[in-house]
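Subject: Structure for you to look at

Dear colleague,

Please find the structure below, followed by my notes on what turned up in it.

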Amino acid sequence: MKRRTTVALLSCLVAVAVGLAAWLLRKPAPAYLQRVQFAIVSGDPLRYDHSQFHWRSGGERIRVGQEIADGRGIAFSKNAELQATPRHTGKSIIFFPYAIMPFPKRSICVTIVLRKQGQETTLRTFNVKKKTSGYFSAVVQLTRGDTIIVKTAGQGILIAGQAVIAGVIDPKRRQYVFVVAPDTFRGDRVEKRGHMALNFPNLEEFARDAVVFKNAVAPSSWTLPSFASVFSGQYEFRHQVTPHSPLSLNKPHLLASLRPRFATVQFNDGVWLSAKMGLARNHDCFLTSSWVKDIYADRCLFANAWNFLEANPFPALFMFLHTYKLHSPFEPGEEFLAALGPEHRKRSMGTYANEAQFNSNVPDSERREMEELYDAEVLQFDHFFGGFIRYLKRAGIYEQSLIVLISDHGEEFSEHGGWFHGHSLYREIYHVPFFIKFPNKLYAGQRYREFVSLCDVLPTVLDHLKIDCPPDIDGISLLPLIQGSRLRPRTVISSATASRFNNYLPQRFSIFSGPYQLIFNFPLPPQAHSYYQEYSQPPARPEIELYDTRSDPGEQRETSLQRKRIIDSLRPEIIRILKEIRGRRKTGERTGPLLDEEEDVLRSLGYL
Ligand SMILES: [Zn+2]
């Protein structure tokens, strides 16, 4: 009896120990991370109410001493001093972004100091002669009452972002989330190995560790609206980001939910990914490369990322990595071109990225050549992406890292008589990769055919981290699906309405429901008719196209089977989207009037 009690007690203790261990393993890194706002303690402030700087929010003006999004800015005539006092003590990383602009023909000397019990230690001194932005980072031992001081001498503007102060912990206990987002990456490349049946071994190996969504839909057909959807969780016709209108401060931003626990960093190749467009919000560090035109832009990106990782031991880090490497012009490095065979050496393909060529006919041989060069670019990306993954493994942080691979849209190679992207919503454009490698290869190898959206990426990441999403987003967490539940029926949408790459292109949106894809085409805008006298006009499309993606994933022939029934069942959704588009214009979220073609369509549907 006594023996039985002992065994029961022991097994109970073991169960408690196992439970405790599991709980400890699940527990995120301790909340060592804090952000401290700098205070302006001295200076000779100038009245200066405008700035060329687009700090974190896009279009935000800097006023003297004003607290701006995630930072503090001052325009000064002689000198200024900003101070921040961390609450955290012990071995810590101090990190803050800054932007500095000397006034014309002036320079500014910046000194960053750590003051401990009245003793000042200079951490860094540098001179700035032209508008510049960057970040400061150092690992120091902090005690209570220590102060970080930024001193400037000169005349100009200084903005210091909130300082991130975080305890330095063992690499094995750190949390990492990486979102790798090569621009213009067609979703079919990993499956079909491209036009040349090349092997992409690193992508294939990564896919084995990951959950793969085989029907991931880009929310739009080009860069700016698509990435705005990734960060806002809203569809293009809801966030309404256009080249003339940044992401509004009233819109949700999913990194705001992540920030209390994670330092947030982005490296990108710029152009549309910019602070000016509001996409830098909620980033502790938002750095745009100077190598966008470099043939080895992907190598530069990953080298930059691992240099950053080595120098900045945050306990929890979110890192977003973007490159235009796969975007035209297609110029693979020599060694990747060689993989195509000797006849391809020393070739490169200029961009087809102008509106004149969206719809032009290109000889078959040229089309093939372009596609082969694109595949060589994918081969190159595969090589450097593989190098980054191996680096994470060598650094001992791959296992615990959550790594997402996505893209913002694909690329057309004449599947529907066009080139490039931004002009249509067919599979070659909307279908993008969406892989998630969870920590410890959780769920590795699972594959899903459901249509999912890039709006779902960050909600899924947040759900895994047990962080709540903001309300009013279109994306959902896919974690329940991954864990074995069925998704409740939903439509997934891709669109080019508020934000068209080219205003002479018709607006359109695409609804994915079950196995069907419905494309709603607005008429060609009236101003486009004269424009297209010079260029080949986009092919005429009916108002509604309907495809069955099971039998015709490449949308080569419209389905006639039960067409009326399916369109009727989706009509409420069409009306809802049209109402959204119209409603936002009406409520003044955009100053532009209702476009003629929108008005015509709404009238034809009896809505006006
Ligand atoms: Zn893009």
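An open sheet of four strands is built in the order β23-β24-β25-β26 with antiparallel pairing, where strands are DSSP runs of E of at least two residues, helices are DSSP runs of H or I of at least four residues, and both are numbered from the N terminus; two strands count as paired if DSSP finds at least two bridges between them. The edge strands are β23 and β26 (544-548), each of which pairs on one side only, and the twist averages 15° from one strand to the next, with axes taken as lines fitted to C-alpha atoms, for helices over the stretch in contact, and angles running from 0 to 180 degrees between N-to-C directions.

Before going further, please note that this is a predicted model, in which local features need pLDDT of at least 70 and side-chain atom pairs count only at pLDDT 80 or more, while totals for chains, interfaces and linings use all residues. Residues are numbered from 1 along each chain as its sequence is written.

Within that sheet, β23 (residues 492-496) and β24 (residues 508-513) run antiparallel and are joined by five bridges, one of which makes R508 in β24 the partner of A496. On to β25 (residues 516-521), β24 is joined by six antiparallel bridges, and here S510 stands opposite I519. The hairpin of β24 and β25 has two residues between the strands, and G514 takes a positive phi near 55° in it. Five bridges then join β25 to β26, again antiparallel, with Y516 standing opposite D548.

The hairpin of β6 and β7 has two residues between the strands, and Q117 in the turn has a positive phi of about 45°.

The C-alpha atoms of K116 and R144, which are 28 residues apart along the chain, are separated by 8.8 Å. K116 is partly exposed, because 14 other C-beta atoms lie within 10 Å.

Turning to the helices, the axes of α3 (residues 201-208) and α9 (residues 364-394) come within 7 Å and cross at roughly 45°, and the two helices are therefore oblique to each other, given that angles under 35 degrees count as roughly parallel, over 145 as roughly antiparallel, 65 to 115 as roughly perpendicular and the rest as oblique. The contact is made by P201, N202, L203 and F206 of α3 together with D382, H383, F385, G386 and I389 of α9.

Helix α11 (residues 457-464) is largely enclosed by the rest of the structure, because six of its eight residues are buried, namely V457, L458, P459, T460, V461 and L462. The cover over these buried residues includes β12 (175-182), α4 (223-232), α6 (255-258), β17 (401-406), β21 (434-437) and α12 (479-482). After α11 comes K466, which has a positive phi near 60°.

The largest nonpolar core holds 144 residues, of which A263 and V404 touch the most other members; such a core is a set of buried Ala, Val, Leu, Ile, Met, Phe, Trp, Tyr and Cys residues joined through C-beta atoms within 7 Å. Helix α9 gives the largest share of this core, 11 residues. Not counting residues up to four places away in sequence, A263 touches L33, F95, V164, A166, D284, F314, A316 and L317.

For the protein chain as a whole, there are 15 helices and 26 strands, and buried residues make up 44% of its 608 residues. Of the contacts with a separation of 6 or more, 73% are between residues 24 or more positions apart.

With best wishes

Definitions and conventions:
Buried ≥ 20, exposed ≤ 12 C-beta atoms within 10 Å, placed from the backbone. Contact = placed C-beta atoms within 7 Å.
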